[in-house]
Amino acid sequence: MAQLTCDKVTLGYDGKVVRENVSFSVKSGDYLCIIGENGSGKSTLMKTILGLKAPMSGKISYGDGLKEKEIGYLPQQTDIQKDFPASVYEIVLSGCLSKLGAKPFYTKKQKDMANYQIHRLGLDNLKKRCYRELSGGQQQRVLLARALCATKKMILLDEPVSGLDPKVTADMYELIDALNKKDGITVIMISHDIKSTLTYATHILHVGKDIFFGTKQEYLKSDFAKVFANKGGEE
Amino acid sequence: MATIFETLKLYFTYPFVRYALIVGVLIALCSSLLGVTLVLKRFSFIGDGLSHVAFGGMAIASVLKFTNDMPLTLTVTVISAILLLMSSKNAKIKGDAAIAMVSVGSLAIGYLLLNIFSPSGNLSGDVCSTLFGSTSILTLTKTEVYLCAVLSVIVVAVFVLLYNRIFAVTFDEDFSNATGINANLYNFAIAIIIAVIIVLAMNLVGSLLISALVIFPSLSAMRLFKSFKSVTVCSAVLSVLCSLLGILISIVFGTPVGSTIVAADIIAFLVCYIIGLLVGGKKI
């Protein structure tokens, strides 16, 4: 049974249709990359998957033990965050918020969880540091740790390597790959970076005038890959 | 020096001076709490805008000859706060423009109403004291002090209970929504708290200077500290100290209370800014 199924979903906002008839499904342990040009509806699709926006038609269903609000989300950085006075620990801990229920404060269990994720992503020596003083790659790791606090099953990453230098980008991809392969966390990634996408992903969803969904091998044989390859992975 | 203490000692025998100090400290504490959130959400001017709304509300109340203008002012301000903070994301008129519009609009209407239906002879005196809070803090009645104390306790309690959620929602609204936190609910709570604080603070510094009380302590604290918790605590402490100092100075030297407090806040900011530069090196 699939963790996430999109069935003939129409994406759009303010009554305007962006993309019609989007269907795909994600199984536990999959590594799905969503690619497509700017304005193709990738971010609308992402918001719809996260339940921030209702689909205009069609159905999104969650299964295999995954609930709608249990997807760990790694958003793109916002302006607010660039000068936010907060320690790494405070930010990672805030990922546990949904587990609080009606309680006002974090319990030891949630603090342990935050510490565990900080350790898991190698952020131990940055725990007390201020978020805004970290490098771009370190900030992404912090946000990833926060996302992992919110989920055990699936993470959704929105262009996680944008603005990072090549070395840090490679590290980030390795890290995500390890989470997927070793820990069995399902990964959905929105990406511009076709080359790396094809290295790590198991499935590809190409959103555009035509929609492709299938395994990486099927994608490589399709016409979509040729068009994209000719552009050299640029958008 | 000795004479200053003598003077203070003498003044403390008057209940209205003690009331002023109590209320001043409480308001300073409350107003600093949400400062960090508002500054980071780019809502620094909401204090200004809402205080003008509160001025409009006060004008209506006095035209209608209400003996206690607090309930009406509070209602009007809370509603405006909710509308401003909630609509900011998708509204046709964006955050800053909406605030500017509401702010000058209610200031003008309030003054117009007072001018046409003025209940007292000393119109410019009334308006001046509402805008700059020149004397009203020294004329507080016991009931007002109690009301202020109760509201302050509620504000602080709500802030402490919602602290973790306010942090998460301020830092990343989308993430909070995606993990099942109802960010709008907490934005709603923030809007109500800030409206209550502003109506309270009108007594202390008047409606033109409230923004200073909300943003200066947190901006100062942000120069020095690096975690959300320490910034919040530091800005509360700074705010209380500055307003205590401001009230004492204004009593001794007969300066206007509101502007003296704000002057103290500005000096504190400059000191923190310089310390921040010396300690932190490069960053602003």
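Student: Let's start with β6(A) and β7(A): how many bridges join them?

Tutor: First, this is a predicted model, where local features need pLDDT of at least 70, side-chain atom pairs count only at pLDDT 80 or more, and totals for chains, interfaces and linings use all residues. Residues are numbered from 1 along each chain as its sequence is written, while chains are lettered from A and ligands numbered from 1 in the order in which they are written. Helices (H or I, at least four residues) and strands (E, at least two) are DSSP runs, numbered from the N terminus, and two strands pair if DSSP finds at least two bridges between them. β6(A) and β7(A) run parallel, and the number of bridges joining them is five.

Student: Which residue in β7(A) is the bridge partner of A:M154, and through which helix does the chain cross from β6(A) to β7(A)?

Tutor: The bridge partner of A:M154 in β7(A) is A:T186. The β-α-β crossover from β6(A) to β7(A) is right-handed (with the strands pointing away from the viewer, the path from the first strand over the helix to the second runs clockwise). The helix on that path, residues 166-181 of chain A, is α6.

Student: Is β7(A) largely enclosed or open, and how many of its residues are buried?

Tutor: A residue is buried if 20 or more other C-beta atoms lie within 10 Å of its own, exposed if 12 or fewer, and partly exposed in between, with C-beta atoms placed from the backbone. In a regular strand the side chains alternate between the two faces of the sheet. Both faces of β7(A) are covered, with A:T186, A:I188 and A:I190 on one side and A:V187 and A:M189 on the other. β7(A) is largely enclosed by the rest of the structure, because the buried count is five of the five.

Student: What about β3(A): which residue of β7(A) stands opposite A:L32?

Tutor: β3(A) pairs with β7(A) in the parallel sense over four bridges. Within that pairing, A:Y31 stands opposite A:V187. For A:L32, the residue opposite is A:I188.

Student: And which residue of β8(A) is the bridge partner of A:I34?

Tutor: β3(A) also pairs with β8 (residues 203-206) of chain A, again parallel and over four bridges. A:I34 and A:L32 point one way from β3(A), A:Y31, A:C33 and A:I35 the other, and all are buried. The β8(A) partner of A:I34 is A:L205.

Student: How many residues of helix α1 of chain A are buried?

Tutor: The buried ones are A:K42, A:T44, A:L45, A:M46, A:T48 and A:I49. They pack against several strands, including β3 (31-35) and β7 (186-190) of chain A. Helix α1 (residues 42-49) is largely enclosed by the rest of the structure, because its buried count is six of the eight.

Student: What is the phi of A:K8, and is A:K8 buried or exposed?

Tutor: Most residues other than glycine have a negative phi, and most peptide bonds are trans. A:K8, in strand β1 of chain A, has a positive phi of about 45° although it is not a glycine. With 12 other C-beta atoms within 10 Å, A:K8 is exposed.

Student: Last one: which element gives the most to the side of chain A that touches chain B?

Tutor: The contact takes 22 residues from chain A and 24 from chain B, where two residues are in contact if their C-beta atoms, placed from the backbone, lie within 7 Å. β5 (71-74), α2 (79-82) and α3 (88-94) of chain A each give two or more residues to that side. With three residues, the element giving the most is α3(A).
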